Amino acid sequence: MPYILVRNTINPHRPQHIFTGTLTYIECPLDTDTTLTDAIENQLTAKRVDRDTNGRSLNFCSFRVHQPPFVQLNLLETHGYKVVAVNTVRDTCIWTMHKPA
């Protein structure tokens with residue numbers, strides 16, 4: 001099942017820039033279609049992250065993006081993904097996206 005997570009940390013100290021002044025991450029399985037991962041890297045000018053903050057290798061694809069989440073959500077929608085859930089954990093907003101078979 002192709003699921004993708006888009007997560008963004010909200011900046012509570014600058015509410016006028018709630019989503020724009022922060023980093024957003026797109027996370028997907030390692031076997032994600034290369035057409036999509038190329039689009040993420042090229043169209044969103046995303047940087048692939050291979051290790052977590054402790055230096056351990058990741059078992060999924062993670063991309064760091066410097067654009068607001070709505071830009072990423074729109075791009076993923078053009079590739080057939082739809083938002084199926086949204087949640088917040090403290091100051092982090094997480095969108096779960098799914099691509100129907």
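Select helix α1 (residues 34-43) and display what surrounds the buried residues of α1: the cover includes β1, β2, β4 and α2. The model is a predicted one, in which local features need pLDDT of at least 70 and side-chain atom pairs count only at pLDDT 80 or more, while totals for chains, interfaces and linings use all residues. Residues are numbered from 1 along each chain as its sequence is written, and side-chain values use heavy atoms, with hydrogens and water left out.

**Helix α1**

Colour L36, T37, A39 and I40, the buried residues of α1; buried means under 20% relative accessible area, exposed over 50%, and partly exposed in between, with a 1.4 Å probe and protein chains only. These four lie on the same side of α1, because they cover an arc of only 160° around the axis, the arc being that of the directions from the helix axis to the C-beta atoms. On the face turned away from the buried side, select T34 and N42, which are exposed. Just after α1, T45 has a positive phi of about 45°.

**The whole chain**

Helices (H or I, at least four residues) and strands (E, at least two) are DSSP runs, numbered from the N terminus. Of the 101 residues, 36% count as buried.

**The sheet**

Select the strands. They form an open sheet of six, in the order β3-β4-β2-β1-β6-β5, with antiparallel pairing; two strands pair if DSSP finds at least two bridges between them. At the edges stand β3 (47-51) and β5 (82-89), each with a single partner strand, so one side of each has no neighbour in the sheet. On average, neighbouring strands are turned by 25° against each other, direction ignored. Axes are lines fitted to C-alpha atoms, for helices over the stretch in contact, and angles run from 0 to 180 degrees between N-to-C directions.

V6 stands opposite I26 in β2. Bring α1 back into view: α1 packs on the sheet, touching β1, β2, β3 and β4 (57-65), and its direction makes about 40° with that of β4. Contact here means heavy atoms within 4.5 Å.

**The core**

Display the side chains of I4, V6, I26, I40, F63 and L76, which have the most contacts inside the largest nonpolar core, a set of 19 residues. Such a core consists of buried Ala, Val, Leu, Ile, Met, Phe, Trp, Tyr and Cys residues joined through side-chain atoms within 4.5 Å. The elements giving two or more residues to this core are β1, β2, α1, β4, α2 (69-78) and β6 (92-98). Centre on I4: beyond residues up to four places away in sequence, its contacts include I26, L36, L76 and W95.

Move to α2 and select P69, Q72, L73, L75 and L76, its buried residues. They are on the same side of α2, because their arc around the axis is only 160°. Their cover includes β1, β2, α1, β4, β5 and β6. F70 and T78 are exposed on the other side of α2. G80 follows α2, with a positive phi near 95°.

Finally, select T32, in the loop between β2 and α1. T32 counts as buried, because its relative accessibility is 12%. Leaving aside neighbours within four places in sequence, T32 is in contact with T37 and Y81.
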